[in-house]
Structures are given as structure tokens and as C-alpha cells.
Amino acid sequence: PISPLLKMASDVSLKDEIANALTVVLRDLQKHATREEKESTIKSESDHATKLCIVLEAVFLHGLKKKAFLRKRSGSSIGKSDPRKSPPAPSVWSLFSACTPKDVVSQLSRLAYVTTEIGQCRAWIRLALNDGIMENYVDAMLIDKNLISSWYTGSAFLMDSEQSFSLKTLLQSLSAFHFELAYDSQELNSWPLQSLQLAGLRNPDDDITAADTSTSTTFDPMASFSTLGAALRARDSGTTPPPV
């Protein structure tokens, strides 16, 4: 087993990578808006949207406690759970729903093509961006210390006071953008490999499933994001992704 000191160093490195990735994504969004010279609408087909969602997913996935990995909370279909066919996968839908108005929870629970808790989590992130209230949701989570500590270990990104403060500051800049992201899609029903890698839940040399084969490249937050969005969309459309 990994020593506590190595685990701590790994967590610090992962948190720095997530924070750096978010900074890069928002910097690129601001450059995009400057080039447009008008109110910028970010849609699902935009590389900027893909990158932002991947980093936000990693924020919420980093440092989860064991209860988030229970089979009954994983990628099994809502109301049709079959643990034999559903490998463990992290879900924070119960956390999200605890901080979300009941009408929004009901809306996300009735989506036509989202059939897993993971899909609900990913849809929640996109809807929060569309509504311009991601910062409000994060604030609500961080204020409720009992809730947040029941889901995350002490070394998690959201449990780090410095990182969470920086996160809220960065999220404030999202108010300059208008998002129109699709959130009722079957492609949201599982986590993309990049989100899991950035959160430290998958290693580059992990066995890759068939669903992951077109996005198995290691996520480098400080490198150019030029091929990341295209690779994910290629997976979703069934086409061959560009070389990375």
C-alpha cells in the first residue's frame, strides 16, 4: 500500500493539476470572448465547453470517500440496477441533489436519455453552467461542512481551503459567458477517461475498456487542449479521433 506521505504528495500534485487546468480553460475562454468582441455563447460543440466540463468533473471527483463508489450509486440504470453488470464508479448525485432546488432535481431525474446517476451528475454540471449558478452551488456545498465532509476525505480538492477559495474566485469569471450546453444525452451516462485521470481515479496504464479506447490519452492540464474536445466528440459520434 502507498505510504501516507506519498499519498499526501500525490494529492497535492493532483489538486495543483486540477487548479492549473481550470486556470488554462478559463484563460482560453476569455481569449475566445476577446476575439469575438461580443457576448460569447458557449455551446456543447465548443472545445472550450468540453474542457471546462472535464475539469469541473475532476473537481467533484477528487478525494471522494468510499461511499461514493458503492455499486448501487454507480453507472447502473436508474430503477434498473444490476450490480453484476455495473462496475463500481463514483457518483455524487446525492450530494448534488442535497444542494439543488427540488424542481431542478425533479427535472434532471426525468431526462429522456440520462439513465444513470453518473449521467445525472454530468447533466447537473451542464445545467448549472447554463443557468449561471455553478458558483452558488459550490458555495452551498462548502458552507455545509457536515455535508461536504461526509463525501470527501480531508485531502480532497473541495476540502482544501486554499484550493476551494481559488475555485470560487475562478468560477466568478464564468458570469462573463453564456452557456447553452446539451444535458440530456446518453453520452453523459459514464465518466470520460480524462475526468477520471485528472481526478487521480485512473492511471494512464490502466486497462482501457471499449468505451474508453478513443480517449485513452493521458490528460496534460498544462499542455494545449486543442485535441481534447475533438477526441471526446469523436468517441461520442463513433468516428476516429484525431491523433494526439
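Biologist: Before we start, what should I know about the numbering and the model?

Modeller: Residues are numbered from 1 along each chain as its sequence is written, and side-chain values use heavy atoms, with hydrogens and water left out. This is a predicted model, where local features need pLDDT of at least 70 and side-chain atom pairs count only at pLDDT 80 or more, while totals for chains, interfaces and linings use all residues.

Biologist: How many helices and strands are there, and how do you know what counts as one?

Modeller: The protein chain has ten helices and two strands. Both are DSSP runs numbered from the N terminus: helices are H or I with at least four residues, and strands are E with at least two. From the N terminus on, the order is α-β-α-α-α-α-α-α-α-β-α-α.

Biologist: Why is Gln120 called buried?

Modeller: Buried means under 20% relative accessible area, exposed means over 50%, and partly exposed is in between (1.4 Å probe, protein chains only). Gln120 has 3% relative accessibility, so Gln120 counts as buried. You will find Gln120 in helix α5, residues 117-131. Across the 244 residues of the protein chain, 47% count as buried.

Biologist: What makes the pairing of Gln120 and Trp93 a polar contact?

Modeller: A polar contact is a pair of N or O atoms within 3.5 Å; within protein, one must be able to donate a hydrogen and the other to accept it, and residues adjacent in sequence count only if both atoms are side-chain atoms. The side chains of Gln120 and Trp93 are joined by such a contact, at 3.2 Å.

Biologist: What about Asp160: why is that residue called buried?

Modeller: Asp160 has 19% relative accessibility and therefore counts as buried. Asp160 lies in the loop between α7 (145-151) and α8, and its side chain makes a polar contact of 3.0 Å with the side chain of Lys15.

Biologist: Now the helix pairs. Why are α6 and α8 called roughly antiparallel?

Modeller: Helix α6 (residues 134-143) and helix α8 (residues 161-172) pack at about 160°, with their axes 9 Å apart. Axes are lines fitted to C-alpha atoms, for helices over the stretch in contact, and angles run from 0 to 180 degrees between N-to-C directions. Angles under 35 degrees count as roughly parallel, over 145 as roughly antiparallel, 65 to 115 as roughly perpendicular and the rest as oblique. The two helices are therefore roughly antiparallel to each other. Their crossing is left-handed, a term for a near helix turned anticlockwise from the far one by less than a right angle, with clockwise being right-handed.

Biologist: Which residues make the contact of α6 with α8?

Modeller: Met134, Glu135, Val138, Asp139 and Leu142 of α6 contact Ser164, Leu167, Lys168, Leu171 and Gln172 of α8, where contact means heavy atoms within 4.5 Å.

Biologist: What makes α2 oblique to α5?

Modeller: Helix α2 (residues 47-61) packs against α5 at about 120°, with the axes 10 Å apart. That angle makes α2 oblique to α5. The crossing of α2 past α5 is right-handed.

Biologist: Why is α4 also described as oblique to α5?

Modeller: Helix α4 (residues 102-109) and α5 pack at about 125°, with their axes 10 Å apart. So α4 is oblique to α5. Their crossing is right-handed, and Val104, Gln107, Leu108 and Ser109 in α4 meet Gln120, Ala123, Trp124 and Leu127 in α5.
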